[in-house]
Amino acid sequence: MKIVVDENKCIGCNICEDISEGAMGVKFGKKGKAAQNPEADLTDRVVVENVKLAIETCPTQAISLEK
Ligand code: SF4
């Protein structure tokens, strides 16, 4: 599984870093856009739950999970 951020939608607010507990965030992306933390373990159920919460919380619905 991987976290995908639509760079056309992401506004760089970085709410997702807190909500996902560091599984993603602006500091992992380019040009002020969020991206997956390369060290995020998406085989961990808790990490995935946190990312799902970030998906729900993102104000522009820029985040998705791909298999
Ligand atoms: S919460 Fe959404 S809009 Fe904000 S930085 Fe994360 S992906 Fe981008």
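Modeller: Start with a cut-off. A residue is near a molecule if its C-beta atom, placed from the backbone, lies within 6 Å of it. This is a predicted model. Of the 15 residues around the ligand, the nearest are C10, C13, C16, A34 and C58.

Colleague: What makes the shell around the ligand divide as it does into nonpolar, polar and charged?

Modeller: Cys and Ala count as nonpolar, Asp, Glu, Lys and Arg as charged. The shell has 12 nonpolar residues, three polar and no charged.

Colleague: Why is A40 called buried?

Modeller: The cut-off is 20 or more other C-beta atoms within 10 Å. A40 has 22, so A40 is buried. A40 sits in the loop between strand 3 (35-36) and helix 2. Beyond its neighbours within four places in sequence, A40 is in contact with A23, M24 and V47.

Colleague: How do you know that the span of helix 2 agrees with its number of residues?

Modeller: Helix 2 (residues 45-57) has 13 residues. At 1.5 Å a residue they should span 18 Å. The end C-alpha atoms are 18 Å apart, so the two agree.

Colleague: Which residues of helix 2 are buried, and why do they line one face?

Modeller: They are N50, V51 and A54. Seen down the axis of helix 2, they fall within an arc of 100 degrees, so they line one face. An α-helix has 3.6 residues a turn, so residues three or four places apart point the same way.

Colleague: What covers the buried residues of helix 2, and what does the opposite face carry?

Modeller: The cover includes strand 1 (2-5), helix 1 (15-19), strand 2 (24-25) and strand 4 (63-66). The face turned away from the buried side carries the exposed residues R45, E49 and E56.

Note on methods
Residues are numbered from 1 along each chain as its sequence is written. This is a predicted model: local features need pLDDT of at least 70, side-chain atom pairs count only at pLDDT 80 or more; totals for chains, interfaces and linings use all residues. Helices (H or I, at least four residues) and strands (E, at least two) are DSSP runs, numbered from the N terminus. The expected span of a helix is 1.5 Å times one less than its number of residues. A residue is buried if 20 or more other C-beta atoms lie within 10 Å of its own, exposed if 12 or fewer, and partly exposed in between; C-beta atoms are placed from the backbone. The arc is that of the directions from the helix axis to the C-beta atoms. Two residues are in contact if their C-beta atoms, placed from the backbone, lie within 7 Å.
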